[in-house]
Amino acid sequence: YASVIWIAPLMQKLDYDPLRDFAPVTMVAKNVGYALLLTPRLPMKSVKDLIAHVQANPGRMNFGSPGVGSVGHLAAELFLSAARLKMTHVPYTGIPAMITDIIGGQIDVGFPAAVAAVGLAAAGRVQVLGITGEKRWERLPHVPTLDEAGIPGYELTTWGGFAVPARVPREIVVRLNAEINKALQHADVRAKLLAQGADIHGGTPA
């Protein structure tokens with residue numbers, strides 16, 4: 001996963017080098033993005049409304065994340081930086097507890113994976129103001145990207161793929177690449193990935 005390659009080395013000393021010790025096989029998919037959730041206890045209906053409210057209430061708004069250095073944390077910090085806002089970070093130990101407190105109004109905002117927002121939005125339990133991907137997602141077609149919603153150039157997605165130890169012979173890497181890309185064409189595999197909020201890619205080891 002992207003977090004193993006580009007977040008973990010920034011957070012702690014590791015016993016592996018993600019660039020030296022792995023040989024990439026193929027990307028499998030990117031996710032469609034993360035959802036900007038707003039507690040239903042606040043009346044804002046758009047990203048621009050949220051920005052105006054935070055600006056009018058300096059130091060009074062907060063945001064949750066699944067943990068320090070998580071993608072949800074970074075998505076929120078990127079949003080705050082781009083919009084030149086300040087909010088208090090409330091780290092959790094996972095997504096469910098964070099979402100529970102957004103629903104209950106204990107925290108104001110959070111950025112879980114967009115797939116986690118589908119059922120909540122349909123039930124009216126949270127407001128989904130935007131998603132962090134480069135394009136709208138078909139399962140939340142009414143939700144704009146943050147770029148569309150007033151944060152020009154905002155985009156944040158993560159990706160998942162296959163890698164092997166760097167010492168694995170090249171011919172095995174090539175064979176694995178071909179077989180995984182073939183599997184990604186199967187209808188049942190694609191259906192399961194799409195249901196998880198994946199934008200299927202495949203590709204070469206490069």
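Leaving aside neighbours within four places in sequence, which residues is Phe79 in contact with? The points below start there.

1. **Basis.** This is a predicted model, where local features need pLDDT of at least 70, side-chain atom pairs count only at pLDDT 80 or more, and totals for chains, interfaces and linings use all residues. Residues are numbered from 1 along each chain as its sequence is written, and side-chain values use heavy atoms, with hydrogens and water left out.

2. **Phe79.** Phe79 is in contact with Leu36, Val47, Leu50, Ile51, Leu85, Phe111, Leu146, Ile151 and Tyr154, apart from neighbours within four places in sequence. Contact means heavy atoms within 4.5 Å. Phe79 is buried, and Phe111 is buried too. Buried means under 20% relative accessible area, exposed means over 50%, and partly exposed lies in between (1.4 Å probe, protein chains only).

3. **The largest core.** The largest nonpolar core has 28 residues. Leu36, Val47, Leu50, Phe79 and Phe111 touch the most other members. Strand S2 (35-38), helix H2 (47-56) and helix H3 (71-83) are the elements that give two or more residues to this core. H3 gives the most, with six residues. A nonpolar core here is a set of buried Ala, Val, Leu, Ile, Met, Phe, Trp, Tyr and Cys residues joined through side-chain atoms within 4.5 Å. Helices (H or I, at least four residues) and strands (E, at least two) are DSSP runs, numbered from the N terminus.

4. **A second core.** There is also a separate core of 18 residues. Its members include Leu37, Val126, Leu140 and Val143. In soluble globular proteins, nonpolar side chains tend to be buried together.

5. **Aromatic pairs.** The whole structure holds two aromatic pairs. One of them joins Phe79 and Phe111, and it is tilted: 6.0 Å centre to centre, with 50 degrees between the planes. Phe79 lies in helix H3, and Phe111 in the loop between strand S5 (109-110) and helix H5 (118-122), so the pair ties together parts 32 residues apart in sequence. Rings of Phe, Tyr and Trp (its six-membered ring) pair if their centres lie within 6.5 Å; planes under 30 degrees apart count as stacked, over 60 as edge-to-face and the rest as tilted.

6. **Salt bridges.** A search of the whole structure gives five salt bridges. The term means a side-chain nitrogen of Lys or Arg within 4 Å of a carboxyl oxygen of Asp or Glu. Arg20 bridges to Asp21, with the closest N and O atoms 2.9 Å apart. Arg20 counts as exposed, at 56% relative accessibility. Asp21 counts as partly exposed, at 24%.

7. **A bridge across the sequence.** Asp199 and Lys135 form a salt bridge, their closest N and O atoms being 3.9 Å apart. Asp199 lies in strand S8 (residues 198-200) and Lys135 in the loop between strand S6 (127-131) and strand S7 (159-165), so the pair ties together parts 64 residues apart in sequence. Asp199 is partly exposed, with a relative accessible area of 24%.

8. **Helix H6.** Glu179 and Arg175 meet in a salt bridge (3.2 Å, N to O). Both lie in helix H6 (residues 170-183), four residues apart, about one turn of the helix. Glu179 is partly exposed at 34% relative accessibility, and Arg175 is exposed at 56%. A network of salt bridges links Arg175, Glu179 and Lys182.
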